[in-house]
Amino acid sequence: MTFKTAIYLSSACIVIPFVAYLTNFSGGVSPQTSDWANFGSFLGGIISSIFSFLSFIMVLLIYYNSQLEKSEKEIEDRIFKYIELLNSNFNKIRVSFNSQTTIGNDVFSRFNGAVFKAFSDAPQLSNSEIQGLMLQNSFFKNSIIEYIDLVVVILNYIDKKGGTKKEDFLTILLSQLSEQQKASFAILKHNQLLDFFDFKQKAFLDTPVDAYIKLGEKMSAFKFEN
């Protein structure tokens, strides 16, 4: 309830009983003090009851608004804690393979590059070559999958709890993701992108997301030979 609304309601509480009294007991201005006493008792009884009810409503609205603000603050804090955890997870991403150590965003880049090499339309690799490449790439996939899963958790939370600030929270999350990380997400979670339509629209605005989805589908469908 706004201040202006409260003024209107208060004015109505005064005017309506006054008009009702004059309509039913119209006889001009009375010189009798008893008539004025009755009029005062009538107005006082009606108005005090209405104002008491309005005061109760105001208290309820204030309580509701305070609880709503508290809930929104808790949701915002939770999202930022998730993002802190995401950044902490990113700092731990490290793969040691063939006497080489790859860290951070380079791990995503190596994973995406291997998937592209194995499953892009050209050049065509043999099944055994793809199998060898994917076995090597499993080190990189295992290193980044926890990070990607955490992105899904955050997206689900924003989608369910973001409310009117959903777009803002989504923008903040996207600011934490590099293009290589977004590509890895599209490859590994290609079957979930439709669940996060807003994310897809914003995250892959200038990125060939359909190509990544196609790579992800090919990788999921690939059968390893014994």
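Predicted model: local features only at pLDDT ≥ 70, side-chain atom pairs only at ≥ 80, totals over all residues.
Side-chain values use heavy atoms, with hydrogens and water left out.

From the N terminus on, the order of elements is α-α-β-β-α-α-α-α-α-α. Of the 226 residues in the chain, 33% are buried, a term that stands for under 20% relative accessible area, with exposed being over 50% and partly exposed in between (1.4 Å probe, protein chains only).

Next select residues 94–97 and 100–103, which are strands β1 and β2, running antiparallel and joined by 4 bridges; strands pair if DSSP finds at least two bridges between them. Serine 96 stands opposite threonine 101 in β2. The two strands form a hairpin with 2 residues between them, and asparagine 98 in the turn has a positive phi of about 55 degrees.

Move on to residues 105–119, helix α3, whose 15 residues reach 21 Å from first C-alpha to last, close to the 21 Å expected at 1.5 Å a residue (the expected span is 1.5 Å times one less than the number of residues). Colour its buried residues, Val107, Phe108, Phe111, Asn112, Ala114, Val115, Ala118 and Phe119. Seen down the axis of α3, these buried residues fall within an arc of 160 degrees, so they line one face of the helix; the arc is that of the directions from the helix axis to the C-beta atoms.

Now select helix α6 (residues 179–188) together with helix α8 (residues 209–221), which pack at an angle of about 45 degrees with their axes 7 Å apart. That angle makes α6 oblique to α8, since angles under 35 degrees count as roughly parallel, over 145 as roughly antiparallel, 65 to 115 as roughly perpendicular and the rest as oblique.

Staying on α6, 8 of its 10 residues are buried, among them Gln181, Phe185 and Leu188. Finish on lysine 182 in this helix, which counts as buried because its relative accessibility is 8%. Its C-alpha atom is separated by 7.7 Å from that of phenylalanine 204, 22 residues apart along the chain.

How values were computed: Residues numbered from 1 in each chain as written. Axes fitted to C-alpha atoms, helices over the stretch in contact; angles between N-to-C directions.
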